[in-house]
Protein chains: 2
Amino acid sequence: MTRILIRDGYVVTMNPKNQIIKGGSVLIDWDKIVAVGKDLKESADIVIDAGGKVVMPGLINCHTHLAMTLLRGVADDMELMPWLQTKIWPLEKHLNAERVRAGASLGALEMIKSGTTCFADQYFYMEEVAKAVDQSGIRGVLSYGIIEMESAEKRESELAAGEKLVRSCQGMANGRITTMFGPHAPYTCSTECLLKVKELARKYGVGIHTHIAETKWEYDEIKKKYGAHPVEYLDTIGFLGPEVLAAHSIYLAPHGISIYKNRGVKPVHNPVSNMKLGCGVSPVPEMLKSGIPVALGTDGAASNNTLDMINEMKFAALLNKVYKLSPTALPAEDVLKMATINGAKSLGMEKEIGSIEVGKKADIILVDLKKPHLTPVHNVVSHVVYSAVGGDVDTMIVDGKVLMQNRKVLTFEEAQVIKKAQDVSEEMLKEAGK
Amino acid sequence: MTRILIRDGYVVTMNPKNQIIKGGSVLIDWDKIVAVGKDLKESADIVIDAGGKVVMPGLINCHTHLAMTLLRGVADDMELMPWLQTKIWPLEKHLNAERVRAGASLGALEMIKSGTTCFADQYFYMEEVAKAVDQSGIRGVLSYGIIEMESAEKRESELAAGEKLVRSCQGMANGRITTMFGPHAPYTCSTECLLKVKELARKYGVGIHTHIAETKWEYDEIKKKYGAHPVEYLDTIGFLGPEVLAAHSIYLAPHGISIYKNRGVKPVHNPVSNMKLGCGVSPVPEMLKSGIPVALGTDGAASNNTLDMINEMKFAALLNKVYKLSPTALPAEDVLKMATINGAKSLGMEKEIGSIEVGKKADIILVDLKKPHLTPVHNVVSHVVYSAVGGDVDTMIVDGKVLMQNRKVLTFEEAQVIKKAQDVSEEMLKEAGK
């Protein structure tokens with residue numbers, strides 16, 4: 001391993017003081033940040049000139065389904081249930097290990113090229129996703145998507161698959177890969193299943209990645225079935241806690257926010273997916289105001305259709321402003337926190353990642369501002385949130401290793417990954433008769 | 001001039017049948033498209049290989065304030081009136097001809113690099129904007145922003161400035177530059193002023209570019225002042241007609257849509273600006289359903305903060321879906337029409353631009369799909385609207401001339417334009433004490 005000095009950039013630390021250091025440098029030794037400041041004189045094996053660039057923590061995508069990149073653009077502009085029943089689910093039946101590996105590699109490549117250094121995933125064939133993450137060099141928090149569908153037999157096999165992933169992949173790739181349990185949602189998992197998951201998560205000391213209150217339909221369904229809205233029901237059965245990562249979290253009224261706050265639940269905002277599927281708007285400003293560290297995620301590429309966390313930040317800021325008819329509803333600084341330090345907090349990794357601070361892992365990206373749409377440079381946080389896109393990220397370092405330099409990814413053969421994904425995606429469509 | 005053959009791409013024609021030709025080619029002779037189809041065998045001076053690329057009409061940005069690129073990111077996340085009164089207006093006092101030229105050049109460069117071949121502008125020092133457009137190679141429909149503020153004297157000088165622009169710039173640059181009158185809005189121009197504009201526009205045979213019903217405040221203000229909501233008031237005085245380009249058009253209830261339809265008014269949707277300033281949501285699906293060819297625009301970079309029409313399409317589709325809580329509210333195909341053929345219709349240029357058809361001007365862009373976030377390729381319209389960004393455009397032809405090839409812009413020295421814009425923007429902030 002090497003010492004890397006990143007020199008003379010706009011260092012957006014995302015530390016507790018939200019310091020921005022103009023002409024700042026960052027020194028990396030082995031996998032960690034060892035110095036941050038102006039005029040660092042230390043020697044290094046690799047010196048990266050960050051002139052005209054933003055140096056910031058890598059983005060953390062707290063909710064996605066990585067291999068769904070294979071289904072990007074195969075079905076859009078449809079109602080949720082027909083979209084799932086006639087398009088997504090029939091196609092997913094044609095997934096296999098090889099195909100998931102191809103889709104996950106494509107997703108990991110896309111994340112590197114758009115600034116995401118860590119992500120939380122929930123899908124199938126997760127051991128294959130782990131291989132792709134291992135190769136990519138980024139961090140992944142992986143969970144197997146447990147879907148029970150009212151079958152006690154399936155419950156056992158699904159729980160076993162979830163447990164198998166935790167046992168086989170926790171701590172892989174030098175600790176870059178960790179795991180969670182991934183019960184899909186309160187309408188696809190029974191109370192028994194959720195409580196068993198809770199017990200297993202406690203046993204293994206890992207988190208729980210789930211979907212909560214994504215649609216009005218779910219809200220009504222749970223209310224009908226259990227006599228309480230989703231968050232209230234999940235709290236009553238004792239499922240909620242600080243280890244629960246709750247994607248979407250839209251329909252929380254009347255008491256959902258205070259329950260989240262009291263239990264330490266970690267909601268993940270997915271603005272693009274929620275907009276594209278016409279689901280609704282999560283009460284993000286209210287949750288932030290109450291001290292909940294709301295994180296950000298792209299959801300899968302079938303409902304986004306990218307994994308671009310920089311563009312997702314713009315959507316988050318703007319959706320919440322128009323929803324509240326207030327331009328101050330969600331400022332750029334808050335959104336940048338959601339995509340970095342809040343993400344780290346939500347994954348229980350705030351001591352390791354999410355900001356540029358001495359002692360933390362060196363997960364850092366550089367955003368090149370020397371472009372027409374990023375000129376003039378006055379407020380770099382505004383530029384990152386409102387003007388940049390993923391393609392403006394030009395360098396990525398994770399765990400102290402350079403994964404991309406000048407847009408060239410060093411851990412994948414880009415053309416090969418693209419070709420393989422195209423091939424397996426075409427095979428799936430053909431087999432499914434689509 | 002030369003013959004150009006664009007070979008073997010996904011040709012998205014946007015013709016009346018919405019044809020998409022896989023492995024299609026386009027032949028350009030002089031400034032016009034002379035053939036579109038598969039297997040074109042004609043010879044050409046320049047052959048452009050469009051393998052793995054979308055070949056589509058250049059995007060038409062129907063509402064912006066180009067030189068406001070100088071104010072990109074200087075003020076965000078503020079209420080509209082303090083934003084204007086304490087930031088934008090004080091800074092605009094420090095505009096001059098040189099600075100507007102610099103800002104307009106930056107804007108034109110940004111538009112080329114993100115696929116916009118034609119735009120409608122309303123601002124000041126418009127002769128300078130015309131020079132930048134002339135140099136850039138793209139098309140501009142320019143108007144001087146008439147702001148009267150209840151002064152009869154100012155009214156005369158503003159109208160004179162508007163008329164001067166029309167007389168001096170109409171038809172410039174081989175017809176690439178045309179003009180309109182640009183009365184700012186019903187709350188900044190009197191009835192007398194608007195009617196004088198209407199008369200002048202008729203005299204010169206040009207259009208009128210204005211803002212209508214952007215905010216609830218304006219709606220209430222006009223109602224208080226004239227006893228009718230903005231669209232009704234403008235109709236009553238005889239201002240509305242097919243030559244009126246109406247930016248924003250949010251607060252149209254109760255009769256605005258039918259008035260627009262009856263008068264042939266051309267509304268422009270500006271989703272990012274409307275979201276960022278917390279203004280509200282225009283009834284776009286309803287207008288499209290009634291047969292109004294709603295166009296798309298970015299507004300100025302101070303309230304967006306880019307001029308990226310591809311990203312604007314994604315915002316348009318998604319904003320309208322979440323607002324209606326329906327994923328079918330505004331499909332990708334409709335949004336692509338808004339950004340191309342509807343834009344041409346709204347500017348009165350549908351016989352010349354807006355689609356790839358024989359006899360039309362050769363205003364064409366190529367979007368490179370060989371990227372992780374645009375893989376796999378199944379539905380290219382979905383990819384352009386939901387997955388691409390401006391930076392994926394790699395080639396631009398306007399009026400039969402290549403303006404950008406492989407992301408290299410041929411009409412501007414990119415680094416010089418960026419440096420000049422940074423310099424004058426810093427001067428303005430310094431002079432304004434910001």
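This is a predicted model: local features need pLDDT of at least 70, side-chain atom pairs count only at pLDDT 80 or more; totals for chains, interfaces and linings use all residues.
Between them, 24 residues of domain 1 of chain A contact 31 residues of domain 2 of chain A. The two domains bury about 2300 Å² against each other, with carbon and sulfur atoms giving 68% of this area. Met14(A), Val385(A) and Tyr386(A) supply 28% of the area that domain 1 of chain A buries against domain 2 of chain A, more than any other three residues. Charged pairs are present as well: two salt bridges are counted between domain 1 of chain A and domain 2 of chain A. A salt bridge also joins the side chains of Asp363(A) and Arg139(A), at 2.6 Å from N to O.

The next contact to consider is that between the chains. Here 64 residues of chain A are in contact with 64 residues of chain B, and the area buried between chain A and chain B is about 4700 Å². Carbon and sulfur atoms give 64% of that area. Asp77(A), Pro327(A) and Pro372(A) supply 14% of what chain A buries against chain B, more than any other three residues. Two salt bridges are found across the interface of chain A and chain B. Asp77(B) forms a salt bridge with Lys321(A), in which the closest N and O atoms are 2.7 Å apart.

Within chain A, helix α3 (residues 126-136) has the buried residues Met126(A), Glu128(A), Val129(A), Ala130(A), Ala132(A), Val133(A) and Ser136(A). In an α-helix there are 3.6 residues a turn, so residues three or four places apart point the same way. Just after α3(A), Gly137(A) adopts a positive phi of about 95°.

In chain B, Arg176(B) is placed in the loop between α4 (152-169) and β9 (177-183). Arg176(B) counts as buried because its relative accessibility is 11%, under the 20% limit. Not counting residues up to four places away in sequence, Arg176(B) touches Val133(B), Asp134(B), Gly137(B), Ile138(B), Arg139(B), Gly140(B), Val398(B) and Asp399(B). Asn174(B) is also found in the loop between α4 and β9 of chain B, but is exposed, with a relative accessible area of 68%. Asn174(B), a residue other than glycine, has a positive phi near 60°.

Further backbone features occur in loops. Asp39(A), which is not a glycine, has a positive phi of about 55°; it lies between β3 (32-38) and β4 (46-49) of chain A and is exposed, at 59% relative accessible area. A cis peptide bond with omega of about 0° joins Ala253(A) and Pro254(A), and Pro254(A) lies in the loop between β11 (244-248) and α8 (256-263) of chain A. In chain B, a cis peptide bond joins Asn304(B) and Asn305(B), with omega of about 15°.

Trp89(A) belongs to helix α1 (residues 80-92) of chain A and is partly exposed, its relative accessible area being 35%.

Methods. Residues are numbered from 1 along each chain as its sequence is written. Chains are lettered from A and ligands numbered from 1 in the order in which they are written. Side-chain values use heavy atoms; hydrogens and water are left out. Helices (H or I, at least four residues) and strands (E, at least two) are DSSP runs, numbered from the N terminus. Buried means under 20% relative accessible area, exposed over 50%, partly exposed in between (1.4 Å probe, protein chains only). Contact means heavy atoms within 4.5 Å. Buried area is the accessible area (1.4 Å probe) that two parts lose on being put together, summed over both. A salt bridge is a side-chain nitrogen of Lys or Arg within 4 Å of a carboxyl oxygen of Asp or Glu.
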